[in-house]
Amino acid sequence: MEEFKVKFKEQADKLGAEIKTMLQEHGNTVIGETTLAQIYQGMRGMTALVTETSLLDAQDGIRFKRRSIPELREQLPKAKGGSEPLPEALFYLMMIGEIPTEEDVENLSAILQRRSHVPTYVFDTMKALPKDTHPMTQFVVGVMALQAESVFAKRYAEGFSKKDYWEATLEDTLNLIARLPHIAAFVYRRKYKGGKAVQPDGMLDWAANFAHMLGYDNEEFKELMRLYMVIHADHEGGNVSAHATHLVGSALSDPYLSYAAGMNGLAGPLHGLANQEVIKWIFEMQKELNTEAPTAEQIGDYVKKTLSEGKVVPGYGHAVLRQTDPRFTAQMEFGKKHMSDDPLVNTVWRIYETVPGILQALGKVKNPWPNVDAHSGALLVHYGMKEYEYYTVLFAVSRSLGVLSSLCWDRALGMPLERPKSVTTAAVKRWLNKEVENLGD
Ligand code: NMX
Ligand code: MLT
């Protein structure tokens, strides 16, 4: 068995034993109360899940094993000559719980390289779709075609023991993460570059090879992809893509089915699709105002127009965060280092100076600050990737690292089927009128 698997199993057994003892001693401890408003309003603030890979703080943002985004950028190993963290290293941290050595990361990159071949029938399946199909749909169809390769599904069909679920899940996880960049690059090259594929380069790290297959060999773009793949990887367990992956996985659907479910959630405009919506919105604003560099006043008027049309300002607000997303700040720092004069990037920064005050004045928006999606597109446009409908696919490739690590943890810890109770409004009324003793009777 690969050393990486052995190390993960050791960590999982240790944590599993701790959880068992904790539940024996504290299983009946009450952790909070649930209000009627919460079950009608998207379960905000309701602690209802355990996710081992990361933890979100409303003020400070995401932390991976207690390390913030700036700390990850400092502490995780980098590519030779690079200064951004390697996503493989973050995957290692989420699985093993420690910052890997450079050798650990090289071993993991090699494991992924060995598993990266995508069978031709997957591309043939994707080719059956009209070229103008949304890139996220093409991507998920590719993932679903690849499901025929699932080790978990095969072994389950043959009949295998619960205690081996984790290993088959990890097999699928490594295979899927290894292959996703190729599937994603195929979507891009097919839809936007006349179908001319770029062959993978086995000497490159995971993110740099993805950039290469997309057709971007600029070293700075490779650095951007490393940073992008790290900061989009995980955002604890309650976000739509992580929660959907976990929920579907809880039915013992294999990692391909589970990840595809999560990515269908990521494709929604209130979640990952917001990255395309941000650039679309900025391009439309530039067109309407007939300028590449709108003033703060012009931006303010355009924001008010957007709101008056009953639309949200994409890239702003969050269900949990109550401050500027540190993932936005990391991208702003990247922009300042590599492209401080770029007009579009400067427009993103001017929007940042303008929007929060306007949203705050509405009095209902709980977080007027930018999230990760407010910045990402402008950096991509700088390097020539203007096809904004594709952006969520980049998010999806990165998110595989988090949601699939979580699925490995779910299986290793023997997490059960997720099945919360639901009620009807009629039942709520009966309960409020004291016609029944318990809500749901
Ligand atoms: N522009 C306009 N109105 C907003 C915005 C915004 N950016 N954010 C929140 N609101 C409104 C929201 O629609 C709601 O209005 P109403 O009561 O009329 O329905 C009100 O403010 C209260 O919403 P909140 O409790 O602040 O936000 P909630 O937790 O419900 O939603 C988001 C969070 C992220 C869905 C919301 O802020 C939003 O729609 N933002 C724009 C889309 C976006 O950027 N999504 C990406 C999130 C990050 N990601 O990658 O997933
Ligand atoms: C995410 O990265 O998943 C988003 O910020 C949404 C969330 O955390 O709810």
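## Sheet

Strand E1 and strand E2 (residues 61-64) pair in the antiparallel sense over 3 bridges; pairing requires that DSSP find at least two bridges between two strands. Strands (E, at least two residues) and helices (H or I, at least four) are DSSP runs numbered from the N terminus. Within this pair, leucine 55 stands opposite arginine 63 in E2.

The open sheet comprises 3 strands in the order E1-E2-E3, with antiparallel pairing. Because strand E1 (55-57) and strand E3 (67-68) stand at the edges and each have a single partner strand, one side of each is left without a neighbour in the sheet.

## Model and conventions

The model is predicted, with local features requiring pLDDT of at least 70 and side-chain atom pairs counted only at pLDDT 80 or more, whereas totals for chains, interfaces and linings use all residues. Residues are numbered from 1 along each chain as its sequence is written, chains are lettered from A and ligands numbered from 1 in the order in which they are written, and side-chain values use heavy atoms, without hydrogens and water.

## Nonpolar surface patch

Ile39, Tyr40, Trp431, Leu432 and Leu439 make a nonpolar surface patch of about 460 Å². Patch residues have over 30% relative accessible area and no salt bridge, with nonpolar side chains joined within 5 Å; a salt bridge is a side-chain nitrogen of Lys or Arg within 4 Å of a carboxyl oxygen of Asp or Glu. Areas follow the Shrake-Rupley method with a 1.4 Å probe.

Helix H2 (36-40) and helix H20 (425-432) each supply at least two residues of this patch. Tryptophan 431 lies in helix H20 and, at 32% relative accessibility, counts as partly exposed (between the limits of under 20% for buried and over 50% for exposed).

## Cavities

The whole structure holds 2 cavities of 30 Å³ or more, a cavity being a set of points on a 1 Å grid where a 1.4 Å probe fits but cannot get out. The largest cavity has a volume of about 110 Å³. It is lined by 15 residues, of which Thr51, Ala242, His246, Ser406 and Asp410 are the closest to its centre.

Helix H12 (240-249) and helix H19 (391-412) each contribute at least two lining residues to the largest cavity. The largest share, 5 residues, comes from H19.

## Second largest pocket

The second largest pocket has a volume of about 560 Å³; a pocket is an open set of points with protein on both sides within 12 Å along at least five of seven lines, and lining residues have an atom within 4 Å of a point. Of its 29 lining residues, Glu88, Ser109, Met203, Leu204 and Asp205 are the closest to its centre.

Technical notes:
Patches are made of residues with over 30% relative accessible area and no salt bridge: like charges are joined within 9 Å, nonpolar side chains (Val, Leu, Ile, Met, Phe, Trp, Tyr) within 5 Å. Buried means under 20% relative accessible area, exposed over 50%, partly exposed in between (1.4 Å probe, protein chains only). Grid points are joined across faces, edges and corners, and a volume is the space filled by probe spheres set on the points.
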